[in-house]
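Me: I have a structure here that is new to me. Can you walk me through it?

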Amino acid sequence: MGSSAPIHVYTGVVHPERKAIFRADAPPKSMIKDGRKEAILACTKCGKAGNDEQPVKKCARCGLTYYCSQQCQRNDWQNHKPNCSSELGEGIHPLIKSVTGNPMISHYIQLCIALEYSLHRLHGLPAAQRRAVIRQPRSVHIDVGVEPSMIAEFMTLYTYPDDWDKDDMEGMLQFHHLSRPDQWVPPRELSPNDIVIWSQARADADEDGDQECAVVLVKFLNNFKQCITCPFVVDDEALGQARRNMPFTMGSAITGKSTDKPLSVATCFEYLNTHIRADKKNHLLLRAPMRPSDKELIRDAGRQKDEHAPRMLRLKMSREGVYVSHPISALNTVATRKEAPRNQTRRTESANANPLPESRQIEGEPQESTDALQETREPSTMNRAERRRQQQEQKKAAKRRK
Ligand SMILES: [Zn+2]
Ligand SMILES: [Zn+2]
């Protein structure tokens, strides 16, 4: 992170070099654990941050929402009632703590914010004007979800939403889409509660000497069932990487071919999602069991449901290499089924995948080059054992080269 060298990402299933790449990018686990402890909870109603003397308290029924006082809880009840359920457990809360506690992931989120608001292009402005722009209250929404860490399980859920299930599926956090509040229909504004949280974070940043850095509220949104607001300070390292504009080098584990993808919010997300997928041992603390509501979002995406969260998941699928290189028809798990898989629908998804007006669409069309399409054909004719054998051979070849 922070270097000017291009970043290599392998988007295929298992690349022999993936472990080494993962280790090079991941911060030490102890650092993530320490970072998690620094997460401060604030009251859902008034935005006041809890502290040692006056900690915020969980809603006793759902355990998901925090309040500073019974008064705030009472005042928020009408709003909270529809979402007050124990079905989510702690939901994405522990995972978001691992995101904000991880300097590498946090860096990429800052980079995404810088790109989205063009904060890296302000250095030409006169100092006073730049300062005024930098210090405006801002927010972004990031749609996230928990999906199976096994791509085959994800694909089966997506393809057979009404017929397939499995207990004890391991899930992992994934980033789907980033949007600015003015891109929503109708546009969203910072709530009074947001302004309280933002102002506190702004004051903290000033105290730390970051007067010239933007403070942006990130609202991690899990299918509207849970929304976690976290302030991010966009530092010089993030602005520097945005300015250097180095592409990501995405390699395919199947063909071994590399392509450069330009730096954008979408490619940063693909990089982070791939990094999280490569973390087989949960070093990043971003794995969690799949809950019924997590599965339901994937099923809704598979049903082509025309709602925000399933659309954002389909948009992610249309962009990222791992879904393209893992065609649904290649699954052994569903070989006994008679119906034809619904894989044609994926090709036409992008047209209606975005809830935003077309003029505002920022992340564009799915990047399915002819290359990627050829890739999809290859493994579908190969069974798993054969693929594993090929991968082992690749691994040996890689060792021999050293
Ligand atoms: Zn309160
Ligand atoms: Zn509750």
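Me: How do the axes of α5 and α10 cross, and how far apart are they?
Reply: The axes of α5 and α10 cross at roughly 170° and come within 9 Å. Axes here are lines fitted to C-alpha atoms, for helices over the stretch in contact, and angles run from 0 to 180 degrees between N-to-C directions. Helices (H or I, at least four residues) and strands (E, at least two) are DSSP runs, numbered from the N terminus.

Me: Parallel or antiparallel, then?
Reply: α5 and α10 are therefore roughly antiparallel to each other. Angles under 35 degrees count as roughly parallel, over 145 as roughly antiparallel, 65 to 115 as roughly perpendicular and the rest as oblique.

Me: Before more detail, what kind of model is this?
Reply: The model is predicted, so to speak of local features takes a pLDDT of at least 70 and side-chain atom pairs count only at pLDDT 80 or more, while totals for chains, interfaces and linings use all residues. Residues are numbered from 1 along each chain as its sequence is written, and chains are lettered from A and ligands numbered from 1 in the order in which they are written.

Me: What is the average pLDDT?
Reply: The protein chain averages 81, and 78% of the residues score at least 70. pLDDT is the predictor's confidence in each residue, from 0 to 100. Over residues 329-384 the pLDDT is below 50, and this stretch has 71 contacts in the model beyond near neighbours in sequence. Two residues are in contact if their C-beta atoms, placed from the backbone, lie within 7 Å.

Me: Back to the helices. Which residues of α5 and α10 meet?
Reply: From α5 they are I105, Y108, L111, C112, L115 and E116, and from α10 they are V265, C268, Y271 and L272. By class, this contact of α5 with α10 has 9 nonpolar, no polar and 1 charged residues. Ala, Val, Leu, Ile, Met, Phe, Trp, Tyr, Cys and Pro count as nonpolar, Asp, Glu, Lys and Arg as charged, and the others, Gly among them, as polar.

Me: And at what angle do α5 and α9 pack?
Reply: Helix α5 (residues 103-116) and helix α9 (residues 236-244) pack at about 60°, with their axes 8 Å apart. That makes α5 oblique to α9. The contact is made by H107, Q110, L111, A114 and L115 of α5 and by E237, A238, L239, Q241 and A242 of α9. It has 6 nonpolar, 3 polar and 1 charged residues.

Me: Sheets next. What is the strand order in the sheet of 3?
Reply: The order is β1-β8-β9, in an open sheet with mixed pairing. Two strands pair if DSSP finds at least two bridges between them. The edge strands are β1 (7-10) and β9 (258-261).

Me: How does β8 pair with each of them?
Reply: β1 and β8 (residues 248-251) run parallel, joined by 4 bridges, and Y10 stands opposite G251. β8 and β9 pair in the antiparallel sense over 4 bridges, with M250 opposite T259. In the hairpin of β8 and β9, G256 takes a positive phi near 80°.

Me: Which helix lies across that sheet?
Reply: Helix α10 (residues 265-278) lies across β1, β8 and β9, at about 60° to β1.

Me: What order do the strands take in the sheet of 5?
Reply: The order is β7-β6-β4-β5-β10, again with mixed pairing. Its edge strands are β7 (226-234) and β10 (287-289). β5 (residues 170-179) runs antiparallel to β10 over 3 bridges, and G171 stands opposite A288.
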